[in-house]
Structures are given as structure tokens and as C-alpha cells.
Number of protein chains: 2
Amino acid sequence: MNGEIRPIKALVFDVFGTLVDWRGSLIRECQHFGRERGLDDVNWTGLVDAWRGRYQPSLEEVRAGRRSWTVLDDLHHESLLALLPGFGLEGRLSAAEIDWLVRGWHRLDPWPDTVPGLRRLHTPFLLAPLSNGNVALMANLARHARLPWDCVLGAELARHYKPDPEVYLTAIELLRLTPGEVMLVAAHNYDLRHARSHGMSTAFVRRPTEYGPEQAADLEAEEDWDYVVESLEELADALTGSARSA
Amino acid sequence: MNGEIRPIKALVFDVFGTLVDWRGSLIRECQHFGRERGLDDVNWTGLVDAWRGRYQPSLEEVRAGRRSWTVLDDLHHESLLALLPGFGLEGRLSAAEIDWLVRGWHRLDPWPDTVPGLRRLHTPFLLAPLSNGNVALMANLARHARLPWDCVLGAELARHYKPDPEVYLTAIELLRLTPGEVMLVAAHNYDLRHARSHGMSTAFVRRPTEYGPEQAADLEAEEDWDYVVESLEELADALTGSARSA
């Protein structure tokens with residue numbers, strides 16, 4: 001939100017939570033799935049929250065070197081399998097149905113401001129995701145949600161998960177830009193902290209309902225990020241000099 | 001052109017020559033550049049042909065392991081520098097001007113059928129380049145030529161140049177598809193031959209003027225590729241079942 005002019009050439013984006021509403025989308029998908037199959041007794045909201053609850057621990061196994069590189073699609077699959085008994089779903093889903101639920105992460109819906117904001121940002125800046133999601137997941141999600149990427153960057157290209165330095169450094173290297181010319185846009189302070197530690201520019205987008213009504217973290221910017229905004233439309237206003245309130 | 005139905009899910013494209021007219025674009029750019037600077041005495045067409053003439057030899061240094069991984073932008077830069085004396089340009093161009101000419105490879109124009117064809121193919125298929133051009137080059141070229149990629153695949157992600165197997169195999173792995181579900185679209189028989197050797201589907205697009213009026217190679221399909229077409233529009237007709245002549 002400061003007025004400093006930096007020669008930003010590319011915007012790279014955290015995706016889950018920052019651009020797409022993974023929780024709302026998955027809850028809708030799972031509840032619809034359950035209704036179609038007479039599985040109304042299942043606590044689908046609880047399942048989605050528990051599924052995401054296994055996200056960081058599953059990445060940490062890879063980050064800590066306790067298991068070799070494994071893409072997020074496969075971690076999502078394993079995490080879901082492990083949760084089925086606790087939600088009364090053991091033996092009630094076919095392999096194809098489980099695959100379909102895991103592919104739900106490829107069909108997440110964007111926040112209302114995401115696509116209009118990205119479209120405005122696309123003319124002046126090169127745009128790419130910088131997500132822990134694998135390349136196929138990101139490409140399919142872009143097709144579903146109509147995210148106008150110029151290329152897909154992220155964890156799989158570095159074979160490391162954020163916030164390992166390799167993810168940020170590989171993206172900068174592939175773009176052939178200086179770190180300050182690349183801005184990470186994210187709804188998570190820890191991600192921006194790591195990006196800044198590598199010299200990248202930073203923009204915080206507040207997404208106070210990513211984790212539902214009880215969200216406790218990332219409700220506010222915790223550092224003086226280069227930009228702090230409520231939406232991608234506001235980021236486009238700020239970066240393209242066409243602020244509506246100016 | 002055979003009628004076999006294969007479950008193709010993604011189309012990956014050779015880019016230089018197949019989708020963009022590198023020779024015509026660079027000759028136009030260089031001649032314009034020369035006129036603006038009073039360098040009309042230079043044989044720009046000869047320079048462009050000599051520049052591309054150094055392409056395969058420069059890749060071969062990397063493929064053969066005689067030099068470590070080097071991206072195409074840097075090889076283009078080195079090749080141009082080496083050619084300047086022979087074309088009467090030694091000491092007549094600034095570093096910024098040389099950089100601008102090298103960046104000409106990021107500003108190549110598509111063949112007339114490329115963008116209309118890709119747009120039609122984008123709805124049913126995931127689309128990505130599979131080029132020896134590096135990621136930034138491909139992303140910038142897509143921005144210039146409006147190529148609707150879902151992600152960027154290619155040599156840099158494998159740190160090998162086509163036709164090394166790693167380039168094809170890395171793309172298939174990143175897409176999380178079987179080889180037959182991925183079709184290489186290319187104007188070069190050697191590229192398709194290698195793709196087929198890894199089980200990929202194949203489409204040959206005839207580009208008989210890629211190398212100018214004297215082109216000697218790749219004038220015709222040399223094997224029974226799955227599809228043989230004169231344009232991406234014709235490929236869209238064939239793959240989407242809306243053939244105009246049917």
C-alpha cells in the first residue's frame with residue numbers, strides 16, 4: 001500500500017485461498033455428491049476441513065525429506081483415503097468416486113473478484129500461479145476457473161513445497177527476472193515473508209473467510225507488504241494507476 | 001489422417017515453424033531495425049538464415065554434454081554475437097540493441113491459421129507448447145501472439161533439448177496422462193518420430209515455407225502420422241468432428 005514505484009514485470013500467485021475458494025467449492029461439490037448417492041448422513045463440511053487439515057502435515061513429510069517428491073494430487077488422494085473410516089465412508093465409495101472427489105481440487109471456483117482482477121492485470125504483467133499444486137492440477141484449474149496464465153510455475157517444477165526456497169528461486173530463474181521484478185500475491189503472511197526474504201515484491205490480499213467463519217489466521221497483513229488489498233480488483237487499481245478512489 | 005479414435009486429452013505443440021513464422025517475422029523485424037539505424041547495407045535475410053543455421057549446432061553442444069544446460073535465449077545471444085563480424089556489424093550495435101534483436105524471438109508472429117485453430121482446439125483439449133524455447137521465451141511469445149496455453153511445457157523443464165527423450169517424458173509426467181493421450185503437433189518429421197517412439201499420438205502440419213522459398217526438408221509427411229493437415233484449422237476440423245468437407 002506504500003507509494004514506492006518498483007519495476008514489477010510479473011505477478012505470481014498463491015492459488016488455494018488467494019484466488020479460489022477451495023473450502024466453499026469442495027463443500028458444495030461433496031454435499032452434491034452425497035445427495036446424489038444417498039450419503040446425506042455424512043458430515044461433508046467436517047470431511048473437507050479435515051482433508052485440508054492434513055495438507056500441511058502431508059507437505060511437511062516431503063519438506064523434511066522423510067518421503068521423496070510426491071505431487072499434491074497424490075497427497076490429496078492419500079489424505080482422503082485415510083479420512084474415509086472416520087467419516088463413515090469406508091467401503092462405500094468406488095475407486096472412480098474417490099478419484100472424482102480428489103479431482104474436485106481441479107474444479108475449485110474463483111472468488112468473485114479473481115477473474116475480473118486477473119484480466120485487468122494481464123495486459124501490463126506476466127501472470128503465473130506459484131502454488132503447491134502440481135502442474136496438471138493448476139492447468140485444469142485454470143481451464144475450469146478461466147484463470148489467464150501465461151505459464152504455470154510452482155512447487156512441482158522445483159520438486160519442493162513452499163515455503164522451501166527452491167520454489168521461489170526456481171520461479172524467478174524460469175522468468176529470467178530479478179527477484180524485485182516478481183511480485184508474489186498471496187493471502188498468507190508466511191508465504192509473503194518467504195518471498196520477501198528472497199527479494200521478491202509482495203502483495204497481501206485479505207481472504208478472511210478462506211477457512212470459513214471461524215478463521216483465526218491471516219485476518220490482517222502482519223508486515224508492511226508492498227501492497228495490501230481487499231481484492232484483485234483493488235490490486236489492479238493500485239498497480240495500473242486507475243484507482244477508483246484516487 | 002486415419003480414422004482411428006484415440007482418447008487424446010492434451011495437445012502439445014512444436015512452436016518455431018509449426019505455430020509461428022520465425023523467419024518471416026525476424027526478417028521483417030531486422031530490416032525495420034536496420035532502416036531505422038541507417039544499416040541498410042546489411043544482408044538481414046542472410047543474417048536471419050545464418051542465425052537459425054547455428055540453432056541445431058548450438059543445441060547439439062548441450063545434447064552431447066559438451067556444455068552444461070543453457071537456455072535458448074542465451075544460445076541465441078551467443079550465436080548472434082558470433083555472426084556480427086561476418087555481416088559487417090561488428091562494433092555497430094550497442095548491448096541494448098543486441099538484446100533487442102535477441103528478444104525478437106519473443107515477438108514472432110503466428111501463421112494466419114494458428115490462433116483461430118488453437119482457439120477451437122482449446123475447448124476440448126488442454127494445450128501447451130513443447131518447444132526448445134525456454135519458459136520465459138514461450139510465455140512472452142504467447143503474450144505477443146495470443147497463444148492460449150494452459151501451461152508451458154518444454155525443454156527447460158527437462159533441462160534437455162528435443163529430441164532427447166527427457167523432454168517428451170517430462171511433459172507426459174507433468175500432464176499426468178498416458179503417452180497416447182498426449183498428441184504432439186509439429187511441422188517436423190524428426191520431432192514426431194521421437195514423440196511416437198515414446199507412445200505419443202502425432203499430428204503433422206505442413207509448413208512448406210518455414211525456411212523460405214528454397215525449403216528442402218519436411219515438405220511432406222514421411223510416416224503415417226495419426227493426422228496430417230495443412231493448417232491448425234484443418235486439425236480442429238478433424239479432431240472436433242466438424243470437418244467442413246465432410
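This is a predicted model: local features need pLDDT of at least 70, side-chain atom pairs count only at pLDDT 80 or more; totals for chains, interfaces and linings use all residues.
A residue is called buried here if 20 or more other C-beta atoms lie within 10 Å of its own C-beta atom, and by that rule 45% of the 246 residues of chain A count as buried.

Along its principal axes, the C-alpha trace of chain A spans about 55 × 40 × 30 Å. A compact globule of 246 residues would have a radius of gyration near 18 Å, and because chain A has 18 Å, its value agrees with that expectation.

Chain A contains 11 helices and 6 strands. The 6 strands form an open sheet in the order β3-β2-β1-β4-β5-β6, with parallel pairing, and its edge strands are β3 (153-154) and β6 (227-229) of chain A, each of which pairs on one side only. In general, the strands of a sheet pair through backbone hydrogen bonds, either parallel or antiparallel. At one end of the order, strand β2 (residues 126-131) of chain A is joined to β3(A) by 2 bridges, the two strands running parallel, and Ser131(A) stands opposite Gly154(A) in β3(A). Elsewhere on the sheet, helix α10 (residues 189-197) of chain A lies across β4 (182-186) and β5 (201-205) of chain A, and this helix runs at about 170° to β4(A).

The domain assignment divides chain A into domain 1, made of 10-21 + 110-240, and domain 2, which covers 22-106. The C-alpha centres of these two domains of chain A lie 24 Å apart, and 18 residues of domain 1 are in contact with 13 residues of domain 2. On the side of domain 1 of chain A that touches domain 2, helix α7 (residues 135-145) gives the most, with 4 residues, and by class this side has 6 nonpolar, 7 polar and 5 charged residues.

Chain A also touches chain B, with 16 residues of chain A in contact with 16 residues of chain B. The elements that give two or more residues to chain A's side of this contact are α7, α8 (155-158) and α9 (165-175) of chain A, and α7(A) gives the most, with 6 residues. By class, the side of chain A that touches chain B has 11 nonpolar, no polar and 5 charged residues.

Key. Residues are numbered from 1 along each chain as its sequence is written. Chains are lettered from A and ligands numbered from 1 in the order in which they are written. Domain bounds come from an automatic or database domain assignment. Two residues are in contact if their C-beta atoms, placed from the backbone, lie within 7 Å. Ala, Val, Leu, Ile, Met, Phe, Trp, Tyr, Cys and Pro count as nonpolar, Asp, Glu, Lys and Arg as charged, and the others, Gly among them, as polar. Two strands pair if DSSP finds at least two bridges between them. Axes are lines fitted to C-alpha atoms, for helices over the stretch in contact, and angles run from 0 to 180 degrees between N-to-C directions. The radius of gyration is taken over C-alpha atoms; the globule rule is 2.2 Å times the number of residues to the power 0.38. A residue is buried if 20 or more other C-beta atoms lie within 10 Å of its own, exposed if 12 or fewer, and partly exposed in between; C-beta atoms are placed from the backbone.
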